[in-house]
Amino acid sequence: MTRDTERPLRADARRNRERILSAAVRIFTEEGLGAHLERIAKEAGVGSATLYRNFPTREVLIAAAYQNELTRLCAAAPELLAALTPKEALRAWMSRLIEYTTAKFGMADALRAVVASGVNPYADSPHQIMAAIESLLAAGAARPDVTATEVFTLLTGIALALDRSGEPGQAERLLDLALIGLTAEQTP
């Protein structure tokens with residue numbers, strides 16, 4: 001029986017699971033594949049048994065942490081649209097995508113180990129990310145000629161440049177410049 005077919009988690013179990021996943025992202029990003037699962041449990045404020053009950057292997061934990069971050073990122077688009085103007089929502093979401101992507105770079109070895117074990121944590125990633133971008137664009141966050149693919153490509157390029165430069169503050173500057181381009185009036 002998998003988690004999907006089991007009864008829903010109690011509120012405390014759901015909170016424990018969320019804390020484990022958040023700690024896993026932080027620690028795998030900092031320490032890579034060699035991170036100790038006991039450290040993740042301790043940082044999450046749970047016992048090792050709770051961690052292993054939820055995530056029986058390192059690969060299952062890594063895949064779940066990645067998927068959880070992806071779900072949070074994509075769920076943020078409608079939340080941001082409800083609270084901000086479309087342009088502000090796009091800018092805030094772009095910043096979150098960069099944070100998500102740079103965390104994924106930090107987890108690269110751990111994610112490669114998951115893929116090597118036969119699990120593809122990336123299978124639905126492009127679809128989910130594109131749907132989030134499309135919702136932002138449909139709300140009028142950018143010029144009407146801008147496509148979700150173009151936004152995704154632009155943000156991927158920024159993330160790759162940041163991974164190589166490591167300059168503090170560079171992400172915000174590049175995102176501001178990108179937003180100017182995405183929202184500028186077209187010239188004939």
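Colleague: Why are H4 and H5 called roughly antiparallel to each other?

Modeller: This is a predicted model, so every value here is computed from it. The axes of H4 (residues 58-83) and H5 (residues 86-106) cross at roughly 170°. Angles over 145 degrees count as roughly antiparallel. H4 and H5 are therefore roughly antiparallel. Their axes come within 9 Å.

Colleague: Which residues of H4 and H5 meet?

Modeller: On the H4 side they include Tyr-66, Leu-70, Leu-73, Cys-74 and Leu-80. On the H5 side they include Pro-86, Trp-93, Leu-97 and Tyr-100. By class, this contact has 14 nonpolar, no polar and 3 charged residues.

Colleague: What makes H1 roughly perpendicular to H4?

Modeller: H1 and H4 pack at about 100°, with axes 9 Å apart. The range for roughly perpendicular is 65 to 115 degrees. That places H1 roughly perpendicular to H4.

Colleague: How many nonpolar, polar and charged residues has the contact of H1 with H4?

Modeller: There are 9 nonpolar, 2 polar and 5 charged residues. Among those in H1 are Arg-17, Glu-18, Ile-20 and Phe-28. H4 brings, among others, Arg-58, Leu-61, Asn-68 and Arg-72.

Colleague: How do you know that Arg-72 and Glu-18 form a salt bridge?

Modeller: The N to O distance is 3.6 Å. The rule asks for a side-chain nitrogen of Lys or Arg within 4 Å of a carboxyl oxygen of Asp or Glu. The pair meets that rule and is a salt bridge. Arg-72 sits in H4 and Glu-18 in H1 (residues 11-31), 54 residues apart.

Colleague: Why do Arg-72 and Glu-18 count as partly exposed?

Modeller: Buried means under 20% relative accessible area and exposed means over 50%, with partly exposed in between. Arg-72 has 42%, so Arg-72 is partly exposed. Glu-18 has 30%, so Glu-18 is partly exposed too.

Colleague: What ties Asp-176 to Arg-91?

Modeller: A salt bridge, with the closest N and O atoms 2.8 Å apart. Asp-176 lies in H9 (residues 170-183) and Arg-91 in H5, so the bridge ties together parts 85 residues apart in sequence.

Colleague: Are Asp-176 and Arg-91 buried or partly exposed?

Modeller: Arg-91 has a relative accessible area of 14%, so Arg-91 is buried. Asp-176 has 39%, so Asp-176 is partly exposed.

Colleague: What separates Arg-39 and Glu-43 along H2?

Modeller: They are 4 residues apart in H2 (residues 37-44), which means about one helical turn. Arg-39 is partly exposed at 33%, and Glu-43 is partly exposed at 38%.

Colleague: Which residues are linked with Arg-39 and Glu-43 in a network of salt bridges?

Modeller: Arg-26, Glu-30 and Glu-31 are linked with them. By this rule the count comes to 11 salt bridges.

Colleague: How do you know that the buried residues of H2 lie on the same side?

Modeller: Those residues are Leu-37, Ile-40, Ala-41 and Ala-44. They cover an arc of only 100° around the axis, so they sit on the same side of H2. Their cover includes H1, H3 (48-54) and H4.

Colleague: What follows H2?

Modeller: Gly-45 does, with a positive phi near 75°.

How values were computed:
Residues are numbered from 1 along each chain as its sequence is written. This is a predicted model: local features need pLDDT of at least 70, side-chain atom pairs count only at pLDDT 80 or more; totals for chains, interfaces and linings use all residues. Side-chain values use heavy atoms; hydrogens and water are left out. Axes are lines fitted to C-alpha atoms, for helices over the stretch in contact, and angles run from 0 to 180 degrees between N-to-C directions. Helices (H or I, at least four residues) and strands (E, at least two) are DSSP runs, numbered from the N terminus. Angles under 35 degrees count as roughly parallel, over 145 as roughly antiparallel, 65 to 115 as roughly perpendicular and the rest as oblique. Contact means heavy atoms within 4.5 Å. Ala, Val, Leu, Ile, Met, Phe, Trp, Tyr, Cys and Pro count as nonpolar, Asp, Glu, Lys and Arg as charged, and the others, Gly among them, as polar. Buried means under 20% relative accessible area, exposed over 50%, partly exposed in between (1.4 Å probe, protein chains only). The arc is that of the directions from the helix axis to the C-beta atoms.
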